[in-house]
Amino acid sequence: MSRSLQLGPDGRLVHLLSTEGLPAETLRHILDTADQFVSVNEREVKKVPLLRGRSLFNVFFENSTRTRTTFEIAAKRLSADVVNLNIGASSTAKGESLLDTVWNLQAMDADMFVVRHKEAGAPHLVARHVKPGVHVINAGDGRHAHPTQGLLDVYTIRHYKKDFSRLVVAIVGDILHSRVARSQIHALKTLGVPEVRVIGPRTLLPADVERLGVRVFHDMAAGLRGCDVVMTLRLQSERMSGPLLPSAGEFNKAYGLTPEKLAQASPDAIVMHPGPMNRGVEIDSSVADGGQSVIMPQVTFGIAVRMAVMAILAGNA
Amino acid sequence: MSGRLTIEGARVVDPASGHDAVTAIYVADGAIAGLGKAPDGFRADAVIDAKGLVACPGLVDLAARLREPGFEYRATLESEMRAAVAGGVTSLACPPDTEPPLDEPGLVEMLKRRATSLALARVYPIGALTLGLGGERLAEMGELAEAGCVGFSQADALLSDPHVLRQALRYASTFGFSVWLRPQDSTLAHGGVAHEGEVATRLGLSPIPEVAETVALKTILTLVEETGARVHVARLSTARGVALMRDAKAQGLPVTCDVGVHHLHLCDRDVGDFDPNARLTPPLRDVRDRDALRRGLAEGTIDAVCSDHAPVDDDAKQVPFGEAEPGATGLELLLPLVLQWGREAGLALPATLGAVTSRPAAILDAPAGRIAVGMAADLCLLDPQAAWVVSSATLASQGRNTPFLGLELVGRAVRTLVNGRVVHAA
C-alpha cells in the first residue's frame with residue numbers, strides 16, 4: 001500500500017515506511033548492502049564516510065532508548081551528524097503539531113528523519129510533507145510497521161538459512177499489537193517464504209490476518225511442528241492481564257517458548273526475538289540463551305541493516 | 001423578490017408523485033401556483049429558461065453540521081448555508097453537536113432566527129436528547145420542540161447507558177417525539193478508528209468491529225419494541241445492520257434509517273495510505289457492506305441518504321489518521337453522488353432523487369421534498385451531465401475535507417430556489 005510514497009518514479013527507495021509494497025529486488029538490495037556493512041562493523045575502525053556532512057534527526061514521539069541508539073550508531077558509523085530528539089516530552093506537550101515539529105526541524109537542514117510515533121501512519125504524514133530530497137525512515141508507528149526490524153529479521157534468517165524458498169516460519173504471541181509481526185510477514189512473503197504461520201489466542205490475532213498470506217494456529221505444538229524459524233514477540237506488560245489474557249502465567253503455559261515446545265520445530269530451527277524480552281513470559285531463559293537462539297546476532301545485524309537503509313536512501317549504495 | 005416566475009422547458013421530476021415530464025412550473029408568492037398550466041390571469045414577472053435541465057424538489061438533507069455556535073473557525077452558518085444551496089439542498093436537519101450543544105430553547109431560537117435572516121436553506125434543528133449531550137440527564141424536549149426542534153439525538157456522543165436510553169425513549173414516546181440514534185456501541189467500538197478487517201489489520205489501525213453496530217442496533221430495536229418510541233436510526237454502515245432494519249420494519253416497528261452518502265461509494269480500502277479525509281464515523285466498512293447499503297437504499301429498507309456534512313479544519317485533519325477528527329464535507333457532493341448511485345443501480349431518475357427529497361422529508365414530517373401546487377417553491381434545477389472537479393475552488397463550504405478531493409463528479413445544481421427566490425445560480 002505504501003509503494004507510491006516509498007518509491008520514486010524511477011523505482012528508487014525514497015522513504016522506508018513499511019516492508020509492505022516493496023518489491024523483492026528492493027528488499028534484496030537492502031540485505032546485500034547490509035552484508036557489506038557487517039564487515040565494516042567487524043573492523044577495528046568501524047566508520048565509513050558515506051553520509052559525511054549529512055544530518056540525521058532521530059525524532060521519537062514515543063520513547064525508546066534502545067531503538068534510537070541503534071539508529072544513532074548506524075548513522076555515526078556512516079559519519080552522519082546525529083541529533084536525537086525525544087519529542088514525547090517536549091513539543092507535543094506544548095501543543096505543537098507533528099507537522100510543525102517536522103517543519104521546524106527541516107528548517108535546520110535535516111537530510112533524514114527517523115520517526116517513531118504511537119499513531120499508525122505518522123511517518124507517512126511526515127513523508128508527504130518533507131521537501132524533496134529529505135528522507136523518512138519509520139522506526140515504529142503504532143501497530144502498523146517497524147520496517148528496519150522486519151528487515152533485520154529477514155537478514156538474520158538469510159544469514160542462517162541462506163534460502164527463503166523452502167522455509168516454514170512461525171511468529172508467536174501478540175500479533176494483534178505487533179508492528180514487528182506485520183513487517184516480518186510482508187518481508188517474508190515478498191522474499192518468497194512459502195509458509196508463514198502465526199500462533200496465538202484469538203484475542204491476540206488481528207481480524208482477517210490470514211489475508212496477509214499467513215496460516216493461523218491457536219495450538220502452539222501444531223503451529224511449531226516442522227518450523228525452521230521461530231520468532232517470538234514481546235508481550236507488553238499492560239496486556240498480560242485484562243480482557244485479552246487472564247495472566248502472564250497462563251499465556252506462558254500456552255504460548256511461552258520452552259525447550260519442550262521448541263522440540264516440535266525442526267532440530268536446526270533458529271529462535272528469534274525483537275527484544276526487549278520478558279523472560280518467563282513469551283520465552284524461557286533456557287531457550288533465549290540456548291544453542292538455537294540467534295537473538296544477539298539479530299542486534300548486531302540490526303546496525304548493518306540500518307546502515308544499509310540510510311546509505312541507500314542517501315543514494316550512496 | 002416580486003411574486004411571479006415561470007420556469008420553462010425543464011424536465012420536472014417529482015419523486016413523490018412519480019411525475020417525470022417536461023412541464024412548465026408557475027410560481028407565485030413563493031409557492032407553486034401551477035404545473036403545466038398557468039393559473040388564471042397568471043403573468044410572469046420573470047422567466048427562467050431551463051431547457052436541458054432537470055427540475056426536482058430542493059434536496060432534503062438529514063444531517064448537515066453548520067458549526068454554529070462554537071466552531072466558527074471550521075465553518076459559519078453563512079458559509080455552510082451557501083454550500084447547501086450550491087448543492088441544491090433547500091432543507092436540512094442539523095445535529096445538536098454544536099458548542100454549546102442545542103440543549104436549550106434559546107440556542108435553537110437563535111439558530112432558527114439566524115438561518116431565517118440568511119434566507120437560504122431551511123433549517124430543521126435536532127435537539128440534544130440529554131443535557132450537554134452528557135448522556136445522563138434528559139434535555140427539556142418539550143421546550144425544545146416548541147422552539148422548533150423536530151427530533152432529539154446525541155449526535156456522535158453515543159449513549160453508553162441503556163438505562164438512560166430506555167428512559168429517554170419512554171419519555172419521548174409519551175409526547176410522540178422522534179429520537180434519532182447513531183447505532184454504535186461505544187464500549188465495543190473501544191476507541192477504534194477503522195473498520196475491523198483486513199485493511200485495519202494491514203494498517204495497524206485500532207478496529208471498530210461490526211458488532212459495535214449490530215449490538216447497539218439490537219438494543220435500540222428491543223427498546224423500540226418495548227416503548228413504541230419513534231426512532232430514526234442515523235448512519236447505518238454494515239450489511240447486518242441493513243438486515244436487522246429490514247426485519248424490524250417487517251415486524252412493523254416505528255423505525256426509519258438513513259445512510260451517509262460516502263458509505264454508498266467508499267469502503268475501507270479507500271483509507272489507502274492513511275488518508276485522514278477517509279476518517280469517518282461510522283467507519284468506511286467492507287466492500288460487501290457498501291454493496292448491501294446500496295441495495296438497502298434501492299429497495300427502501302434504508303429510507304434516505306444524507307450528506308452527513310462535517311466541515312473540519314486542516315489542523316484537525318493534517319495529523320495521523322487515528323488522531324484526525326472524523327467527518328467529511330458533503331453538502332455539495334450529495335447530489336452528484338446520489339445521481340451516481342442511481343445510475344449504477346440502474347434506477348430511473350424519480351427513484352434516485354426520492355432518496356434525497358420526498359423520503360427524507362417524510363422522516364422530518366416536513367412540508368418539503370415535493371413539487372405540487374400549493375407547496376413552497378423550493379426547487380433544484382440541475383444539469384445531470386455537468387462534470388466538475390471537486391476542489392477548494394469549486395466548493396462553497398469552508399470544509400475542504402473530502403475523500404473525493406481532486407476527483408471528477410457528474411451532476412450539479414445550476415439554480416436553487418427557496419420560496420420561489422433564486423438563492424444559488426452557478
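The model is predicted: local features need pLDDT of at least 70, side-chain atom pairs count only at pLDDT 80 or more, and totals for chains, interfaces and linings use all residues. Residues are numbered from 1 along each chain as its sequence is written, chains are lettered from A and ligands numbered from 1 in the order in which they are written, and side-chain values use heavy atoms, with hydrogens and water left out.

Strands of a sheet pair through backbone hydrogen bonds, either parallel or antiparallel. Here, helices (H or I, at least four residues) and strands (E, at least two) are DSSP runs, numbered from the N terminus. Two strands pair if DSSP finds at least two bridges between them.

One open sheet of chain A has four strands, in the order 2-1-3-4, with parallel pairing. The twist averages 15° from one strand to the next. Such angles run from 0 to 180 degrees between N-to-C directions, with axes as lines fitted to C-alpha atoms, for helices over the stretch in contact. Inside this sheet, strand 1 (residues 55–60) and strand 3 (residues 112–117) of chain A pair in the parallel sense over five bridges. A:V59 stands opposite A:V115 of strand 3.

Another open sheet of chain A has five strands, in the order 7-6-5-8-9, and its pairing is parallel. Strand 7 (215–217) and strand 9 (270–272) are the edges, each pairing on one side only. Neighbouring strands are turned by 20° against each other on average, direction ignored. Strand 6 (residues 195–199) joins strand 7 of chain A in the parallel sense over three bridges. There, A:I199 has A:F217 as its bridge partner.

Now the interface. The contact (heavy atoms within 4.5 Å) takes 20 residues from chain B and 26 residues from chain A. About 2,000 Å² is buried between the two chains, and carbon and sulfur atoms give 55% of it. Buried area is the accessible area (1.4 Å probe) that two parts lose on being put together, summed over both. In chain B, the residues that lose the most area to chain A are B:T201, B:R202 and B:D273, together 35% of what that side buries.

B:R202 also takes part in a salt bridge with A:E20 (2.6 Å, N to O). The rule for a salt bridge asks for a side-chain nitrogen of Lys or Arg within 4 Å of a carboxyl oxygen of Asp or Glu. It finds three across this interface. Helix 6 (residues 198–203) of chain B gives the most to its side of the contact, with four residues.

Over all chains, the salt bridge count comes to 35. One of them joins B:R65 and B:D308 (3.1 Å, N to O). B:R65 lies in the loop between strand 8 (59–61) and helix 1 (77–86) of chain B, and B:D308 in the loop between strand 17 (304–306) and helix 11 (314–317), so the pair ties together parts 243 residues apart in sequence.

Chain B also has backbone features to inspect. B:P69 lies in the loop between strand 8 and helix 1 of chain B. A cis peptide bond joins B:E68 to B:P69, with omega about 0°. The bond from B:T281 to B:P282 is cis as well, with omega near 0°. B:P282 is in the loop between helix 9 (262–265) and helix 10 (287–299) of chain B. Finally, B:A119 has a positive phi of about 55° although it is not a glycine. B:A119 lies in the loop between helix 2 (105–118) and strand 10 (122–128) of chain B.
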